[in-house]
Amino acid sequence: MAQLQPVRGTHDLLPEDARRHRRVEEIAFDIAGRYGFGEIVTPIFEFTEVFSRTLGEMSDVVTKEMYSFTDRSGDSITLRPEGTAAVARAFISGGLAQQLPLKLFYRGPMFRHERPQKGRLRQFHQIGVELLGVEGPEADVEVLALAAHILDALGLKDKVTLELNTLGDGESRQDYRRALVDYFTVHRAHLSEDSLERLGRNPLRILDSKDEGDRAVVAEAPLLADYLNDRSRHFFDSVQAGLKALKIAYQLSPRLVRGLDYYDHTAFEFTTTALGAQGTVLAGGRYDGLIGQMGGPSTAGIGWAAGVERLSMLFAGPVPAERPFVVIPMNQPLAALSLTERLRRAGFSVDQGFSGNLKKRLMRANRVNARAAIILGDDEWARQAVAIRDLDAGSQQEIPLDALEAHLAQFR
Ligand code: ATP
Ligand code: MG
């Protein structure tokens, strides 16, 4: 059965990986809760237009990476490649405009058909946030503070750099776009085929190209910063003032643009040098035009998403499983069964060796890293008691059954 392998670019999270993955998500979710973000869960698939009409027809995601198929009803369906368009769709179809401002957190699998590498999968997971309905730069500062806080809590403060840029408002980008088209037209001989196509439709996208020839041309391209109007410049200044007030370190990255079409003003990435070519762990920006463009009420928005696999690889600390107690019967299997269940209901994590002699069961207790063994020896049992063996200290003690919970609590 050659097919009994995961599909290329997908992976199983075996228990240890799954624990780490879950810990990363929980730390993020917990901190997001402190900032007032509540969870939203959208479907894993959407109508294809939700993504194709919003991410931009020239984006890598739409042109090369979407998992799209026609379902049995003849609808074109796409496995979600990212969260923001799906959340915006949910905002519109759920009529959430009455509840602004809204702070939403999501987590879950995303799907992109790209070339798998370390830190680059076809099914990966993101955590992300969206703050909807706040036009002012306070929102940008808050979602950036949240991102920095989560990365700090994961112990990544010294491993990541916040790179910051502004894409300005529509007017600024129009002026800039003209300058870019002029510049790239002069250098068109050195551009990749993809970028030549982008030149007509979305020249800004060329700035995000990963092609080496393109990158050499991009290195000398005009900078958006030189085309910002007053409003855009003032907005960006305010975002930076907020970051400084919160002592959040950042680097200005004048060539940072985001890969998707719907961004304006603030754009940012937290990058690392620790993951080879997959240097971006968390990325986002402001997208005031998105919801209106999708047919909803014009609504400001800003958010980010982070790859959980990349965060997990950077998150160094071990994530040990909870250490259980193990119940070992000598001759009272049913009593052991009900004692095990009693302790679980009292809130303890309790495992039961299912078979074998004392030695074998103790070996298994060590394998699951048990904290102590609760041994139902015949003599103790006759006295309504059990023997507790502390598996770290190697010592053993008789404890009356009615004092058992209180005694086990001391191991916590
Ligand atoms: P990249 O430049 O690495 O392709 P991107 O710009 O496509 O990233 P975003 O769409 O901004 O990425 O997604 C946000 C985050 O999701 C990324 O910073 C990364 O951590 C994670 N991510 C994106 N694509 C993948 C993938 N194929 N596998 C694993 N993680 C991913
Ligand atoms: Mg990508």
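How far from an oxygen atom of ligand 1 does a polar side-chain atom of K210 lie? The separation is 3.0 Å, inside the polar-contact limit (a pair of N or O atoms within 3.5 Å). This is a predicted model: local features need pLDDT of at least 70, side-chain atom pairs count only at pLDDT 80 or more, and totals for chains, interfaces and linings use all residues. Residues are numbered from 1 along each chain as its sequence is written, chains are lettered from A and ligands numbered from 1 in the order in which they are written, and side-chain values use heavy atoms, without hydrogens and water.

**Ligand 1**
- The shell around ligand 1 has 16 residues, each with a heavy atom within 4 Å.
- R112, E114, R120, L121 and R258 are the closest.
- An N or O atom in the R112 side chain is 2.8 Å from a ligand oxygen.
- For R310, the corresponding distance is 3.2 Å.
- Alone, ligand 1 exposes 590 Å², and the protein buries 90% of that (Shrake-Rupley method, 1.4 Å probe).
- The shell comprises 6 nonpolar, 4 polar and 6 charged residues, with Gly counted as polar and Asp, Glu, Lys and Arg as charged.

**Strands at the ligand**
- β6 (123–132), β10 (280–286) and β11 (301–307) each give at least two shell residues; strands are DSSP E runs of at least two residues.
- β10 gives the most, with 4 residues.

**Sheet**
- An open sheet of 8 strands runs β1-β5-β6-β11-β10-β9-β7-β8, with mixed pairing; strands pair if DSSP finds at least two bridges between them.
- Its edge strands are β1 (38–39) and β8 (251–252).
- β10 and β11 run antiparallel, joined by 5 bridges.
- G284 stands opposite W304 in β11.

How values were computed
Polar contact = N/O pair within 3.5 Å; in protein donor to acceptor, adjacent residues only side chain to side chain.
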